[in-house]
Amino acid sequence: MSLPDKAFPVSWDQFHRDARALAWRVAGMQREWRAMVAITRGGLVPAAIICRELGIRMIETVCIASYHDYEEQGELKVLKDVDPRLLEDGGDGILVIDDLTDTGKTAAVVRAMMPKAHFATVYAKPKGRPLIDTFVTEVSQDTWIYFPWDMGLTYQEPITKGHRG
Ligand SMILES: O=P(O)(O)OC[C@H]1O[C@H](OP(=O)(O)OP(=O)(O)O)[C@H](O)[C@@H]1O
Ligand SMILES: [Mg+2]
């Protein structure tokens with residue numbers, strides 16, 4: 001798997017702040033939400049934070065598996081659909097949450113199910129941005145976002161290698 005050179009590592013603290021910032025933006029719309037739909041698996045983490053802030057208790061998932069590398073995203077497979085009751089009125093009043101949009105392909109698959117739903121992601125890259133209604137931070141297309149649940153503490157080389165103090 002080839003990853004872009006630019007890295008955007010996100011700590012748990014930062015992710016919590018950014019997800020809360022997304023909740024503030026959505027709250028500013030002053031809408032009543034019928035339900036939240038989290039796009040698994042990455043969307044489950046911001047969904048837990050945002051549903052708490054917005055008082056949403058009806059939480060659904062759409063389960064999607066994708067096999068992608070940085071440049072190319074393979075086939076997207078819908079493993080579990082949304083409850084048909086939430087698809088009424090084109091998904092109007094549904095808040096769809098994901099951690100990020102990159103190429104926009106995941107969001108496009110879910111948009112096709114619920115064209116009138118409101119799509120919100122914590123982070124967005126330029127290609128995916130047109131598919132999303134609300135997001136917090138945009139990063140360039142050639143940046144890889146490292147989420148806290150994918151990372152652990154590891155030794156870091158000194159900026160100047162060979163430095164002995
Ligand atoms: O805009 P796209 O190019 O479609 O990419 C964005 C999607 O990629 C990641 O999920 P991934 O498919 O890696 O699965 P995961 O959420 O289960 O980790 C991320 O959580 C988004 O759902
Ligand atoms: Mg995902």
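**Contacts and burial around the ligand**

Author: A polar side-chain atom of D98 lies 2.6 Å from an oxygen atom of ligand 1. The model is predicted, so local features need pLDDT of at least 70 and side-chain atom pairs count only at pLDDT 80 or more, while totals for chains, interfaces and linings use all residues. Residues are numbered from 1 along each chain as its sequence is written, chains are lettered from A and ligands numbered from 1 in the order in which they are written, and side-chain values use heavy atoms, without hydrogens and water.

Reader: What makes the approach of T103 to ligand 1 a polar contact?

Author: A polar contact is a pair of N or O atoms within 3.5 Å; within protein, one must be able to donate a hydrogen and the other to accept it, and residues adjacent in sequence count only if both atoms are side-chain atoms. A polar side-chain atom of T103 is 2.5 Å from an oxygen atom of ligand 1, so the pair meets the cut-off. For D102, a backbone N or O atom lies 2.7 Å from a ligand 1 oxygen. Taken alone, ligand 1 exposes 500 Å², and the protein buries 85% of that; these areas come from the Shrake-Rupley method with a 1.4 Å probe, and for residues only the protein chains shown count as cover.

Reader: Why is D102 called buried?

Author: Buried means under 20% relative accessible area, exposed over 50%, and partly exposed in between (1.4 Å probe, protein chains only). D102 has 16% relative accessibility, and therefore counts as buried. The side chain of D102 also makes polar contacts of 2.9 Å with the side chain of K125 and of 2.9 Å with that of Q141.

Reader: How do you know that G42 is buried?

Author: The relative accessible area of G42 is 15%, so G42 is buried. Not counting residues up to four places away in sequence, G42 touches D98, D99 and W149, where contact means heavy atoms within 4.5 Å.

Reader: Which element gives the most to the shell around ligand 1?

Author: β5 does, with four residues. β3 (59-68), β5 (94-101) and α3 (105-113) each supply at least two; helices (H or I, at least four residues) and strands (E, at least two) are DSSP runs, numbered from the N terminus. D102 sits in the loop between β5 and α3.

Reader: What does the UniProt record annotate here?

Author: The unreviewed UniProt entry has a "binding site" annotation whose residues include G42, D98, D102 and T103.

How values were computed. UniProt positions are given in the numbering used here, feature names are shortened, and annotations may be inferred rather than shown by experiment.
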